[in-house]
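Here are my notes on this one, written for someone opening it for the first time. Have a look at it, then follow the points in order.

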Amino acid sequence: MTRLKIAPLHPSLGAEVAGVDLSRPIDSPTREALSQALAEHLALVFRGQTLTPAQYLAAASAFGPPMEQHYSQHNMPDFPLIGMIWHRNGQLPAEQWHTDHTNRERPPAATILYGVEIPSAGGGTSVANMRAAYVALPEDERRRLDSLKTYNSLDSGKTDTRQEDREKYGKTIEHPMVRTHPVHGSRAVYFHISKATHIEGMAPEASRAYMAELIERMIRPEIVYHHVWRKGDVLVIDDRATMHRAHGDYDRSQSRVLWRVIVEGDRPRLV
Ligand SMILES: [Fe+2]
């Protein structure tokens, strides 16, 4: 087994993992240790990695089976399980707090990003600890959220979604607004404000307003790890207990290219 060195990056979440070369096969005790570390720290950073697309996919598989991504126009042609995050092919940075692909019955356990080209300043990724956000809520609001469900589909505001992706991934999927982490056993607030068409029993506008207000109130600097990218970083985000967002505060004449893999998780449930 590889000897992992795990150093926290922020008091609430995030840890840097040293001692792993992700270009090499990862043995099963190391996979298990990484899975436990992700459940505990919610964001893992591996620095200085040099990966081909095939090596990257193999490394990402340590966290679960890679899933198809629904904005297929941004997938790498020869490796369609890798999505390219790149403003030069028309994508805007996802600056709204969210968790990925909630329109899936089994949404990703983790989102994995590899820094291929990094601007000289800005363009970071922030990750919020939604387990801590849940714990910080008043008791009556925790009970309220425990009882609520969202209905999810593809983002309503995106106009460039391919018809084939709409057909494959556009059906309505229900999720609890609080989910229990399958590895850690803790609860976290779980929703995607622009993929949730509405909260059960609430009108779409009221649902959106409540989710926006929750984000505003819950996501405080104390529960946010801000990742400043360096070329060669791999950032693994636990989608079961976090939200994340990109920062578009970089010079668009510079390149920012991240390769994204999402890996399948369990069906969200509250136990
Ligand atoms: Fe995302």
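1. Start at the hairpin of β1 and β2: six residues lie between the strands, and G14 there takes a positive phi near 95°. The two strands run antiparallel and are joined by four bridges. Within that pairing, A7 stands opposite E16 in β2.

2. A word on what you're looking at. This is a predicted model, where local features need pLDDT of at least 70, side-chain atom pairs count only at pLDDT 80 or more, and totals for chains, interfaces and linings use all residues. Residues are numbered from 1 along each chain as its sequence is written.

3. β4 pairs with β5 (residues 79–86) in the antiparallel sense over two bridges, and N75 has G83 in β5 as its bridge partner.

4. Axes are lines fitted to C-alpha atoms, for helices over the stretch in contact, with angles running from 0 to 180 degrees between N-to-C directions; a contact means C-beta atoms, placed from the backbone, within 7 Å.

5. Which residues of α1 are buried? They are L34, L38 and H41 (buried means 20 or more other C-beta atoms within 10 Å of a residue's own, exposed means 12 or fewer, and partly exposed is in between, with C-beta atoms placed from the backbone). Seen down the axis, the buried residues of α1 fall within an arc of 85°, so they line one face of the helix. The arc is that of the directions from the helix axis to the C-beta atoms. As background, an α-helix has 3.6 residues a turn, so residues three or four places apart point the same way. Turned away from the buried side of α1 are the exposed residues S28, P29 and E32.

6. The length of α1 checks out too: its 14 residues (28–41) should span 20 Å at 1.5 Å a residue, and the end C-alpha atoms are 20 Å apart, which agrees. That expected span is 1.5 Å times one less than the number of residues. After α1 comes L42, with a positive phi near 70°.

7. α2 has its own buried set, Y56, A59 and A60. These cover an arc of only 95° around the axis, which puts them on the same side of α2. They pack against β5, β6 and β16.

8. Finally, the whole chain. There are six helices and 16 strands, and buried residues make up 41% of the 271 residues. Among contacts with a separation of 6 or more, 80% are between residues 24 or more positions apart.

Key:
Two strands pair if DSSP finds at least two bridges between them. Two residues are in contact if their C-beta atoms, placed from the backbone, lie within 7 Å.
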